[in-house]
Amino acid sequence: MIKKAVIPAAGLGTRFFPATKTIPKEMLPIVDRPIILYVIEEAMQAGIEDIILIQGRGKTAIEDFFDISYELEDKLMKDGKSEILESIARIRNNVNIISIRQKSALGLGHAVKCAKPVVGNEPFAVLLGDEITLTKSRGENITAHLCDQYEQTKASSVWVLPVEKENTHKYGIVDFGSIDSKDLSKGLKVRGVVEKPKSELAPSLWALPGRYVFSSKILEILETTPAGFNGEIQLSDAMNSLARVADLNAYSFSSRRFDAGDKLGYLIANIEVALEREDLKTELIKYLKGKL
C-alpha cells in the first residue's frame with residue numbers, strides 16, 4: 001500500500017498578499033481550521049503514514065502548528081475544551097510529519113524532487129497544499145481512490161476534472177490524443193500534459209486540480225528534467241516524459257473540492273464549511289438571505 005505523501009507548501013502565496021507576508025497561505029483558516037489540516041486529513045484517511053512537507057523560508061508556522069504547545073494545551077484541557085485539540089492529536093498519533101526545505105522556489109517539479117531522500121524507490125501521493133476536499137468516508141476520498149487504482153494497475157494515476165474553455169489557462173490540461181475522453185470514471189491513458197494553455201491551444205477540457213499518485217520513476221525523470229516555463233522545473237514536463245515510457249492514467253472522481261489558493265474559491269470554502277456547522281449555520285443563512 002502507498003504510505004507516503006508529498007505536500008508542496010513552499011509557494012509565496014502572492015494571490016493573498018499582504019496577508020501571506022508573514023503567514024503561510026496553507027495556514028489561512030477555513031472558518032477555524034487551517035487549509036493544511038484538511039489536506040493532511042485527506043491523506044491520513046487514505047492510509048498515508050508519512051507526510052512530507054516541502055517548505056520554503058518563512059513557513060515554520062506549519063511545523064509549529066503540529067508541534068506540542070504545552071501551556072496552551074494544558075489550559076484547554078483544564079477549561080474542558082479538549083475537543084479543540086482532537087484533530088491535531090489524531091494527526092500526531094497516526095502520521096509522521098516530515099519537513100524538507102526547498103531552498104529555492106524552482107517550481108512544482110523541483111518541490112516534488114526534493115522529497116526523494118524520504119520517498120526513495122516507493123510509490124507516493126502528491127497533494128497540493130492549497131486544494132482541499134471535504135469527505136465523510138474513505139469511499140469519497142480522491143487520494144484513496146488514486147492509491148487504490150495504483151495498487152490495482154501499478155500505473156501512475158492522476159485526478160482530472162472538467163473545466164470551462166475559458167479557464168484552461170489556470171491548470172495543467174491533459175492530452176488524451178484522439179481517444180474519446182467523455183467518461184473517465186474507469187481511467188484513460190494520458191498521452192501528455194500542456195501547462196496552462198490558452199483556450200484555443202488546449203488539447204482537452206480535463207484539468208489537473210492537484211491530486212496525483214506516482215511511481216518512483218517520476219523522481220528519476222525529475223532528476224534530468226530541465227527548467228522550462230518561468231525558469232522552473234515543471235511537474236507537467238516530467239509527466240510528459242513519464243507518459244512516453246510508462247502508463248499514466250487519469251480518472252474523474254466526484255468530490256467536493258475547493259481551490260483555496262484562489263480568493264473566490266477560498267471564500268466559497270469558508271461559506272460551505274460554515275453552513276455545515278451547527279453553531280454557525282442558522283445565523284449565516286439568515287445573514288446571506290438578508291444580502292440577496
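A search of the whole structure, which is a predicted model, finds 0 disulfides; a disulfide is counted when two cysteine sulfur atoms lie within 2.5 Å. Such a link is a covalent bond between the sulfur atoms of two cysteines. Buried means under 20% relative accessible area, exposed over 50%, and partly exposed in between, with a 1.4 Å probe and protein chains only.

Residues are numbered from 1 along each chain as its sequence is written. Local features need pLDDT of at least 70, side-chain atom pairs count only at pLDDT 80 or more, and totals for chains, interfaces and linings use all residues, while side-chain values use heavy atoms, without hydrogens and water.

In soluble globular proteins, nonpolar side chains tend to be buried together. Here the largest nonpolar core has 45 residues, and I7, I30, I36, I51 and I132 have the most contacts inside it. A nonpolar core is a set of buried Ala, Val, Leu, Ile, Met, Phe, Trp, Tyr and Cys residues joined through side-chain atoms within 4.5 Å. Helix α1 (residues 35–45) gives the most to this core, 8 residues; helices are DSSP runs of H or I with at least four residues, numbered from the N terminus. A second, separate core of 35 residues includes I52, V174, L219 and A238.

Which residues does I7 contact, leaving aside neighbours within four places in sequence? They are I36, V39, I40, I51, I52, L53, I54, L127 and G129, where contact means heavy atoms within 4.5 Å.

Notes
Helices (H or I, at least four residues) and strands (E, at least two) are DSSP runs, numbered from the N terminus.
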